[in-house]
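Take a walk through this structure, one side chain at a time. Start with the contacts, then follow the charges and the rings.

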Amino acid sequence: MIAPATAGLDWRLGIPVAIAAWLYLAGTVFYVKNMIREHGSRAHYVVSVTYHVGALAASVAVSPWLAIPFAWFLVRAVMLPRFTLRVPVVGVIEVANSLLLLGFLAYAL
């Protein structure tokens, strides 16, 4: 919200961006924990997937375009824990996901 104000715009323009970023970053915490430290834990898997379902619904309220990346984040949370991925691979996937979200935020909002 600081960026729009710094550019001389209404600071409220940053609220949808902040919400989408928060939804993504909070989901990353659940997903990465499920992929690395708690890999194989059914409880952590359920929490991660449940969070991502809610984040998808919330993202649509921010902008219908955000359904696309958040649907992918849900697919990632459902499918990738079935595989044993090395930590650097999980990290690269998350960097790519953050860039994907950035692209959608630049386009959609």
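Contact here means that heavy atoms lie within 4.5 Å. The model is a predicted one.

Begin with A55. This residue lies in helix α3. Is A55 buried or exposed? A55 has a relative accessible area of 2%, so A55 is buried. Leave out residues up to four places away in sequence, and A55 touches L23 and F70. Now look from A55 to A67. Twelve residues separate the two in sequence. In space, A55 and A67 are 9.3 Å apart, C-alpha to C-alpha.

Next comes T28. Find T28 in helix α2. Its relative accessibility is 14%, so T28 counts as buried. Which residues does T28 contact, leaving aside its neighbours within four places in sequence? They are K33, R76 and E94.

The structure holds one salt bridge. The side chains of E94 and R76 form this bridge, with 2.8 Å from N to O. E94 lies in helix α5, residues 87–108, and R76 lies in helix α4, so the bridge ties together parts that are 18 residues apart in sequence. Both ends can be checked for burial. E94 is buried, because its relative accessible area is 8%. R76 is buried too, because its relative accessible area is 1%. R76 has a further partner. The charged end of R76 sits over the ring of Y31, 4.1 Å from the ring centre.

That ring opens the subject of aromatics. A pair of aromatic rings is described by the distance of the centres and the angle of the planes. How many aromatic pairs are there? The count comes to four. Take Y24 and F73, one of the pairs. Their ring centres are 4.9 Å apart. Their planes stand at 45 degrees, so the pair is tilted. Y24 belongs to helix α2, residues 15–35, and F73 belongs to helix α4, residues 67–79. The pair links distant parts of the chain, 49 residues apart. Both Y24 and F73 are buried.

Another tilted pair is formed by F30 and Y51. Here the distance is 5.2 Å centre to centre, with 45 degrees between the planes. F30 sits in helix α2, and Y51 sits in helix α3, residues 42–62. These two are 21 residues apart, and their pair also links distant parts of the chain. Y51 counts as buried, because its relative accessibility is 16%. The cut-off for buried is under 20%.

Rings also gather in a group. Y24, F70 and F73 form one aromatic cluster.

Finish at the surface. W72, V75, M79 and L100 form a nonpolar patch there. Together they have about 310 Å² of accessible area. Which element gives the largest share of the patch? Helix α4 does, with three residues. W72 is found in this helix, α4. Its relative accessible area is 34%, so W72 is partly exposed.

Technical notes: Residues are numbered from 1 along each chain as its sequence is written. This is a predicted model: local features need pLDDT of at least 70, side-chain atom pairs count only at pLDDT 80 or more; totals for chains, interfaces and linings use all residues. Side-chain values use heavy atoms; hydrogens and water are left out. Rings of Phe, Tyr and Trp (its six-membered ring) pair if their centres lie within 6.5 Å; planes under 30 degrees apart count as stacked, over 60 as edge-to-face and the rest as tilted. Helices (H or I, at least four residues) and strands (E, at least two) are DSSP runs, numbered from the N terminus. Buried means under 20% relative accessible area, exposed over 50%, partly exposed in between (1.4 Å probe, protein chains only). A charge sits over a ring if NZ of Lys or CZ of Arg is within 6 Å of the ring centre and within 35 degrees of the ring normal. Patches are made of residues with over 30% relative accessible area and no salt bridge: like charges are joined within 9 Å, nonpolar side chains (Val, Leu, Ile, Met, Phe, Trp, Tyr) within 5 Å. Accessible areas come from the Shrake-Rupley method with a 1.4 Å probe; for residues, only the protein chains shown count as cover. A salt bridge is a side-chain nitrogen of Lys or Arg within 4 Å of a carboxyl oxygen of Asp or Glu.
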